[in-house]
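Okay, thanks for coming, everyone. I'll walk you through one model today, so please have a look at the sequence and the structure first.

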Amino acid sequence: MTLVLVHGNPETTAIWDPMRAALERHGIGPSDVVALSPPGFGVPAPDGFGATMNEYRDWLAAELEQLLAAGAEHVDLLGHDWGGGHVMRIAMERPDLIRSWCTDVIGLFDPDYVWHDAAQLWQTPEGDASIERMISRPDAERVAFYAGLGMGPEVAEAVVPHINADMGRCILALYRDAAQPAMADLGFNIAAAGRRPGLCILAAGDHFTGGGVMHRRIATRAGARVTELLDVGHWWMCENPGLAAHTVASWLASLDRAATAQAND
């Protein structure tokens, strides 16, 4: 199997490191997992990259095509934050590239979803100054800030050097492209994600993604299972990597059992 991880904002692949270490206890080793960095978020954005939702969808589709061409038998796709938004575009529009999908932000596609305060600021002309303040603060101050929000100090220390002008430009472009009603419009097609098995992770303390009612409502429309993780917030994979690994490993095991049962029918 190939488990593909896609992170969001303002992040790098380092957010997955604690969970990846814990996955090894479930027999899912480094060779089974690929962590991708969306352009601008941990890796430089290429020249001419506009950082729109469609461009990130196309970037992820191209990455998955390369993995399949290189011999991956199937792909189980897991996204966090904006990575979870990109995952849903693939689930809805390119299900041929994946065996299954998992996201922790499916509530964003509910017609009643309202962007959080920071996102709404970034979607205005004042957003440029907000991003400039975010990237210009001393590293030690930023590490303490993100560590306190749930990343933890080691992950925050790895992420903060990449919260730079390139990431800032991509943040502004992406959130402005996603200003409502853009997400609600995409949500009209959410039932198309039901062509592949889906899992919606609901972190009980995550206040950025619309809450449990929206999660469950859109998950139902997508034909997906919902797993609620208690006592964790937005960075659930950092806050409790053991729980995160157990959740992901159990999901993958259920897919394997279903595939075996189907083969034996």
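With that, take T247, which, leaving aside its neighbours within four places in sequence, is in contact with L199, I201, T227 and L229. T247 sits in helix 12, residues 241-264; helices here are DSSP runs of H or I with at least four residues, strands are runs of E with at least two, and both are numbered from the N terminus. T247 has 9% relative accessibility, so it counts as buried. Buried means under 20% relative accessible area, exposed is over 50%, and partly exposed is in between, using a 1.4 Å probe and protein chains only.

Quick housekeeping. This is a predicted model, where local features need pLDDT of at least 70 and side-chain atom pairs count only at pLDDT 80 or more, while totals for chains, interfaces and linings use all residues. Residues are numbered from 1 along each chain as its sequence is written, and side-chain values use heavy atoms, with hydrogens and water left out.

Now the whole chain. We've got 12 helices and six strands. The radius of gyration is 18 Å, close to the 18 Å from the globule rule for 265 residues, so the chain is as compact as a globular protein of that length. That radius is taken over C-alpha atoms, and the rule is 2.2 Å times the number of residues to the power 0.38. Along the principal axes, the C-alpha atoms fill a box of roughly 60 × 40 × 40 Å. Buried residues account for 53% of the 265. And if you take contacts between residues at least 6 apart in sequence, 77% of them join residues at least 24 apart.

What about the inside? The largest nonpolar core has 92 residues, and M19, L64, L77 and W101 have the most contacts inside it. A nonpolar core, for us, is a set of buried Ala, Val, Leu, Ile, Met, Phe, Trp, Tyr and Cys residues joined through side-chain atoms within 4.5 Å. Take M19: setting aside neighbours within four places in sequence, its contacts include L5, L78, W236 and V248.

Next, the loop between strand 1 (2-6) and helix 1 (17-23), where we find G8. Is G8 buried or exposed? With 2% relative accessibility, G8 counts as buried. Beyond its neighbours within four places in sequence, G8 is in contact with F41, H80, D81, W82 and G83.

Most residues other than glycine have a negative phi, and most peptide bonds are trans. D81, though not a glycine, has a positive phi of about 55°. D81 lies in the loop between strand 3 (75-79) and helix 3 (82-93), and at 10% relative accessibility D81 counts as buried. A51 has a positive phi too, near 60°. You'll find A51 between strand 2 (33-36) and helix 2 (53-69), in the loop, and its relative accessibility is 0%, so A51 is buried.

Which peptide bonds are cis? One runs from N9 to P10, with omega near -10°, and P10 is back in the loop between strand 1 and helix 1. Another goes from Q180 to P181, with omega near 15°; P181 is in the loop between helix 8 (165-177) and helix 9 (182-187).

That's my tour, thanks.

Key: Contact = heavy atoms within 4.5 Å.
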